[in-house]
Amino acid sequence: MTDNAEIDRQIGREYEAGFITDVESETLAPGLNEDTVRFISKKKGEPEWLLEWRLKAFNAWKEMTPPNWAQVQHLDIDFQDVSYYSEPKSMEDRPQSLDEVDPELLATYEKLGIPVHEQAALAGVAVDVVFDSVSLGTTFRETLAESGVIFMPISEAVHEHPELVQKYMGTVVPQKDNYYAALNSAVFSDGSFVYIPKGVRCPMELSTYFRINEEKTGQFERTLIIADEASHVSYLEGCTAPMRDENQLHAAVVELVAHDDAEIKYSTVQNWYPGDSEGKGGIYNFVTKRAVAHTNAKVSWTQVETGSAITWKYPSCILKGDNSVGEFYSVALTNNFQEADTGTKMIHLGKNTKSTIITKGISAGKSQNSYRGLVRMGPGAKGARNYTQCDSLLIGDKCGAHTFPYIESKNPSAIVEHEATTSKVSDEQLFLCQQRGIDTEKAVSMIVNGFCKEVFKELPMEFAVEAGKLLEVSLEGSVG
Amino acid sequence: MLTIKDLKANVEDKNILKGLNLDIKPGEIHAIMGPNGAGKSTLGNVLSGREGYEVTGGTAELEGTDLLDLDPEERARLGLFLAFQYPVEIPGVSNLEFLKASVDSVRAAQGKDPLDSVSFLKLARAKCKLVNLDQSFLKRGVNEGFSGGEKKRNEIMQMMLLEPKICILDETDSGLDIDALQVVAEGVNSLRDPNRSFIIVTHYQRLLDYIVPDYVHVLADGKIVKSGGKELALELEEKGYGWLEDAAENGAA
Amino acid sequence: MTDFHNGLLAVNDEANSPLSAVTALNSSGADSFLAQEIPTRKTEAWKYTSLFNLTSNEEGYGRLAETHGAAGLDGLATIPALDAQRLVFVNGQYSKELSSNTEHKNVVRFSQADDAQKSIIADNLGSAIEQEKHVFGALNNAITTDGVLVHVGKNEQLKTNIQITHITTPQAKAFTVPARLLIVLETGAQATVVEHFASTDDEQNCFVNAITEAKVGANARLNHYRLQLIQEGSIQIGGVHIDLDRDANYDSFQLGLGAKIVRNDINVNHNVGGSHCELVGVYLPQNKQLIDFHSNIEHKVANCTTSEVFRGIMADKSKAVFNGRIHIHPDAQKTLAELSNKNLLLSNDATINTKPELEIYADDVRCAHGATIAQLDEQARFYLQSRGISAAEADVMLSFGFINELLENLELDAIRNLIRPILAQRFGRDEELMKHIG
């Protein structure tokens, strides 16, 4: 995989995932009240406890106010003007496998390069494809089941593994955690559910592909990954949406539980429609992602954020068990009028817990790109360590790059190191490249690539090779 | 003075010293030579009690006192001095303050009163002169911004101030020019005393032209593989260490 | 508007400044203060610092001190070996006895200003502070009655250092000291100003609301020391607000020892271009003290530089807050800005909250910040131990060195010599020896 080519595509290219799939959908009229919540729950045929759970979240949400501390500016969202449920009509009969799904829908993913057919040459990757509010299905379910791995839409897991869902859902991100998490808890539609049994190393990469298609529709997916003791899983998600003039809302919740000695590697390639070069349209991406790491467990978040008009996202680790490890590697690229406020929280509770934060923010056009992070060393975090490096790269003089690191320590044996730098693609650098015969665009892409190398190498490369197309499509084209 | 028996030590779970024996009598100078990675620096660090050096067997006694269970400062107070190969810089802590704290604590261990500041300053200045260090070094942070040679001379000055019983010079000559080397050697020679012993750890024979050892030992693969008089150093300089390592391997096999 | 607001404004009830500039400031300050809510922990800039001890005090701080005698305070009023024109205030009131005998043309109390000085005050007072952003700045604007003007004319190099000392003593009832200093340096002027806040050793019950404004003219240079040495029990909330003209140079050293609440806002505005700001700060809270430094450097224009270093050691159950914001405005190209904040926690009950912030809207800049919370260096500790120094003493020496490193570059020896014994006392070093080090 050549990183250069990807970056090349990112800078100054049109959004290539912006087409609309022409399928007949059943979409709930815009509006949000208790009935909306009941409708969604009924549509999914959910048990009573889950409806109650949703309603509790909804009632909490009504009392809450949207957060305003992020370094982003957007129009107030009219939550009554959003549709909270949309599914392609053909999905009503619940196809038993992806082979039965409407070919028009599958074509959407083929066009995006997502391997939805098991016979495709992507033997190592299992995929869940989520279209608006429903999962179209997952591949390789049987193969995975052989090793005890459960990988299915969460709407199905509610029925098939209610004990697991009920035990874990909301334990990492409580319903009232924040405004958008509460909203998600009330109206979440679909998402992925993963369970890796004790001692099992998941035999293939798991991935979920999210697509918002319908107009005026919000997507509220919910993902829950449980890695039982000494298990291992690597998971990747990708996201795209059509080009539409109005802003669309995406408010997801992701919960990860890494039991003792388990390891979860979670990679995101976020390429939601960022809006046009005038700042019109684009996805509002308000996401709550959090992991709990028990004794000796390791959670690693890697994200490449190139899309969305607004990104508000802080994948976090609660390092609860002794010796647990949290990592956060991030590349966030903003262009035109995009605004990203993203970072992480590392909450060190256990002894000898370790965290590493490496972030690369690239601002271009008139965009604003902020790193916001919290490193907290609790009183019990004896011998804990954090290392944070936040670098910003500015391209042009109309954009902004910001760093807001909160560092709190209550333990004298904990060590925290934070560094941040800012640089630009300098005229001298460009001139040198030009003088050596490299054009500006290529030169910029080389420099940006070099800048991001540390993070790119954290992406699961074997995945990238085998599922090259998926990654490529997710990365490419975003900023016009 | 110092008796080391079958000393074994690990660094990061790796066997470095594998049964080292050494008996040093009062007034003697022992040179320890050997190839890189033989465990030369480990010896000094183990004897002075550096963290991360795990003793897995054997004994080391200074005048009958077992050193290996003591804290580093207790060993220092008993009269063990390590001149570091790479003295650390401590910004903000002045050399003078550091030296006084050190001398006071060693004196206290000997049942002596601390020196008053004026006498101490006088003493420190005199020692500075002996090693050719400008007095301004006393006011600067410990080793802060010192050149390599200045750091080594600072080590020798500390040795002079503390008047230890056993001095371990860990590659003090590495990287020094001839002038600095002579200053170091003069310092050591001026401290020669029937009641003081030295272990000179070095990679090069050059230093031994200036500090004439009573014994030369070759340390290879964590053990003393050959001992002799000062002429052994010349032999090593000529032949290198290769033949000894071969010999050691053959001996082991 | 709350009882708390009105309570504090009562400090100024009977005062009447002869200067119209001051009365005008009082009235706009009162309006601004009343319009602002008292910060809570939900206010971002006060996230880690609770004002509970200020707001919950039953008798309130809404009064001036009753007594302000000079007896027995001589030792506190002087800084040994500092050659300075000295103005001393006791509990907020000017003390003739403790101040320098002679008058000095460059320094004057507002109330004693001549016409030329009055006009300088009128032109500058309140102009460097954005009172709507600083509620305690607004309060000071509202309640200040007299203050001190330091004015240095064009190309004049002030040979004498200026020392402004505020001493507090415990009073029957809690009280407020509204302290105000205005420094105006004209083009090419140069001055060294030492602000010095001291107290008797008793438990204090003062609320010192001290605001310093400086207008540093083109190519002018201000060396500014601000030493907060007030003892336990006091509350000190204020700050410095600096406007830098073209090629101006602001060099400052801040020391805070911590008390019931100590909060300092440091605001520096690079307004024209070519200016340089050098901030060095040290905080050393102990017991249950709290200290909070909030610095905010506004790079509004191109070609300015900032270098900022703050270090703190938190002992016992104390808590420190450091927030260092560097804001590079869209046109501030070629800015160089660096910030370093290092912290040591000495106990299991101590807390540090630090947040170095960069907000950058220009691309051709070089900005970096770093913050660490660390333990003492293991290698250095071993080196000291190998020389016979105990581990405990080595820790003390290294802690001392951690702060002392920042003192080594101070221009005024007298300040270094004032602070070293305090550090020595805190870290148990030999004071006698210190004399030989300086």
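Trainee: How many salt bridges are counted between chain C and chain B?
Mentor: This is a predicted model. The pair that meets the rule is Arg387(C) with Glu155(B). Their closest N and O atoms are 2.6 Å apart, and the cut-off is 4 Å. The count between chain C and chain B is one salt bridge.

Trainee: How many residue pairs are in polar contact across the interface of chain C and chain B?
Mentor: The salt bridge count there is one. Polar contacts are counted by another rule, for N or O atoms within 3.5 Å. With both residues at pLDDT 80 or more, that rule finds eleven residue pairs.

Trainee: How many residues on the side of chain C that touches chain B are charged?
Mentor: Chain C puts 29 residues in contact with 37 residues of chain B. On the chain C side, twelve are nonpolar and eight are polar. The charged residues number nine.

Trainee: What area do chain C and chain B bury between them?
Mentor: Carbon and sulfur atoms carry 62% of it. The contact takes in 29 residues of chain C and 37 of chain B. The buried area is about 2800 Å².

Trainee: Now within chain C. What distance separates the centres of domain 1 and domain 2 of chain C?
Mentor: Domain 1 spans 3-272 and domain 2 spans 378-438. The centres are taken over C-alpha atoms. They lie 31 Å apart.

Trainee: Which residues of domain 1 of chain C lose the most area to domain 2 of chain C?
Mentor: The two domains bury about 1100 Å² between them, 77% from carbon and sulfur atoms. Three residues of domain 1 together account for 42% of what that side buries. They are Tyr225(C), Phe253(C) and Leu257(C).

Trainee: How many residue pairs are in polar contact between domain 1 and domain 2 of chain C?
Mentor: The salt bridge count between these domains is zero. For polar contacts, both residues must be at pLDDT 80 or more. The count is three residue pairs.

Trainee: Which element gives the largest share of the side of domain 1 of chain C that touches domain 2?
Mentor: β7 (190-199), β9 (221-228) and β11 (249-256) of chain C each give two or more residues. The largest share is three residues. It comes from β9(C).

Trainee: How many nonpolar residues does that side of domain 1 of chain C have?
Mentor: Its residues include three polar and no charged. The nonpolar ones number eleven.

Key. Residues are numbered from 1 along each chain as its sequence is written. Chains are lettered from A and ligands numbered from 1 in the order in which they are written. This is a predicted model: local features need pLDDT of at least 70, side-chain atom pairs count only at pLDDT 80 or more; totals for chains, interfaces and linings use all residues. Side-chain values use heavy atoms; hydrogens and water are left out. Domain bounds come from an automatic or database domain assignment. Buried area is the accessible area (1.4 Å probe) that two parts lose on being put together, summed over both. A salt bridge is a side-chain nitrogen of Lys or Arg within 4 Å of a carboxyl oxygen of Asp or Glu. A polar contact is a pair of N or O atoms within 3.5 Å; within protein, one must be able to donate a hydrogen and the other to accept it, and residues adjacent in sequence count only if both atoms are side-chain atoms. Helices (H or I, at least four residues) and strands (E, at least two) are DSSP runs, numbered from the N terminus. Ala, Val, Leu, Ile, Met, Phe, Trp, Tyr, Cys and Pro count as nonpolar, Asp, Glu, Lys and Arg as charged, and the others, Gly among them, as polar. Contact means heavy atoms within 4.5 Å.
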